[in-house]
Amino acid sequence: MEFSIWLLYISVISILIFSPGPSALLCISDGLKFGNKKAMATILGGAIAALVLMTISAVGLGAVLVASENLFFAIKIAGACYLIYLGYSAWKEGSINIASKEPDEIKPASRSCYALFRKGFMVGISNPKDLLFFIALFPGFMNAELPQLEQYMVLACTWFFIDCSSMFMYAALGSKVSPWLSKAENMKRVNRGVGGLFMVLGGALAVSTGMDEKA
């Protein structure tokens, strides 16, 4: 894998993961209710769900490569367009609601690590943002000329590290971050910053894909 593509991948997924979404809000909530240690189960559940989606995407990508290199190129361009659309959507988003409950309002069963892991996994596996990323955008970072397994391992390990690190940060800062994100004006600034970066990175990915095709 080219170093420049890997850096672009890190930039894209860092913004994608760090931008507030269902998994981030769940980690904030669980970190606030149960503490950082127990929230690790929630974090791992979401991260493993992402790896499952990534694996499914990688297997499907292999089938696409066997079928047609032109189809693979078209998918990469579609992914770049999707990233620009994602940026536009983020730019227009408003504030978010973070539900919080006092610890004594939570049922004892929901305190178990397994319950938190399962909840994190279910939120992650059904997260539209991650689902669309792995279907539409993930192939854009794979090079058809290089071994697929090695590329997959690099991308998967990078995602897992950044995902766990960022979600732990959200869990640790839950009590401080949640009131700040609930303010419409603050969330508007975050969304516009994230949206602008997504659009720039989508354009960069499209240019990179076009250069690879010409080469």
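**Exercise 1. Place Thr158 in the fold and list what its side chain meets.**

The side chain of Thr158 comes to 2.7 Å from the backbone oxygen of Val154, a polar contact (N or O atoms within 3.5 Å; within protein, one must be able to donate a hydrogen and the other to accept it, and residues adjacent in sequence count only if both atoms are side-chain atoms). The model is a predicted one, in which local features need pLDDT of at least 70 and side-chain atom pairs count only at pLDDT 80 or more, while totals for chains, interfaces and linings use all residues. Residues are numbered from 1 along each chain as its sequence is written, and side-chain values use heavy atoms, with hydrogens and water left out.

Step 1. Thr158 belongs to helix α7; helices (H or I, at least four residues) and strands (E, at least two) are DSSP runs, numbered from the N terminus.

Step 2. Thr158 has 11% relative accessibility and counts as buried. Buried means under 20% relative accessible area, exposed over 50%, and partly exposed in between (1.4 Å probe, protein chains only).

Step 3. Leaving out residues up to four places away in sequence, Thr158 touches Trp6, Tyr9, Ile10 and Ile13, where contact means heavy atoms within 4.5 Å.

**Exercise 2. Find the aromatic pairs and classify each by its geometry.**

Step 1. A pair of aromatic rings is described by the distance of the centres and the angle of the planes. Rings of Phe, Tyr and Trp (its six-membered ring) pair if their centres lie within 6.5 Å; planes under 30 degrees apart count as stacked, over 60 as edge-to-face and the rest as tilted. The structure has two such pairs.

Step 2. Phe3 and Trp6 make a tilted pair, with 5.8 Å from centre to centre and 40 degrees between the planes. These two residues are three apart in helix α1 (residues 3-18), so about one helical turn separates Phe3 from Trp6. Phe3 is exposed at a relative accessible area of 54%, whereas Trp6 is partly exposed at 26%.

Step 3. Tyr9 and Phe141 have ring centres 5.1 Å apart and planes at 70 degrees, so this pair is edge-to-face. The pair links distant parts of the chain, 132 residues apart: Tyr9 is in helix α1, and Phe141 is in the loop between α6 (128-137) and α7 (148-172). Tyr9 is buried at 0% relative accessibility, and Phe141 is buried at 1%.

**Exercise 3. Describe the largest nonpolar core and the surroundings of Phe134.**

Step 1. A nonpolar core is a set of buried Ala, Val, Leu, Ile, Met, Phe, Trp, Tyr and Cys residues joined through side-chain atoms within 4.5 Å. The largest has 32 residues, of which Tyr9, Met54, Phe133, Phe134, Phe138, Phe141 and Trp159 touch the most other members.

Step 2. Two or more residues of this core come from each of α1, α2 (22-34), α3 (36-67), α6 and α7. Helix α7 gives the largest share, nine residues.

Step 3. Phe134 is in helix α6 and is buried at 1% relative accessibility. Phe134 and Met54 are 80 residues apart in sequence, yet their C-alpha atoms are 5.8 Å apart. Not counting residues up to four places away in sequence, Phe134 touches Ala50, Leu53, Met54, Ser57, Pro139 and Trp159.

**Exercise 4. Summarise the chain as a whole.**

Step 1. The chain has nine helices and zero strands.

Step 2. Of the 215 residues in the chain, 44% are buried.

Step 3. Among contacts between residues at least 6 apart in sequence, 89% join residues at least 24 apart.
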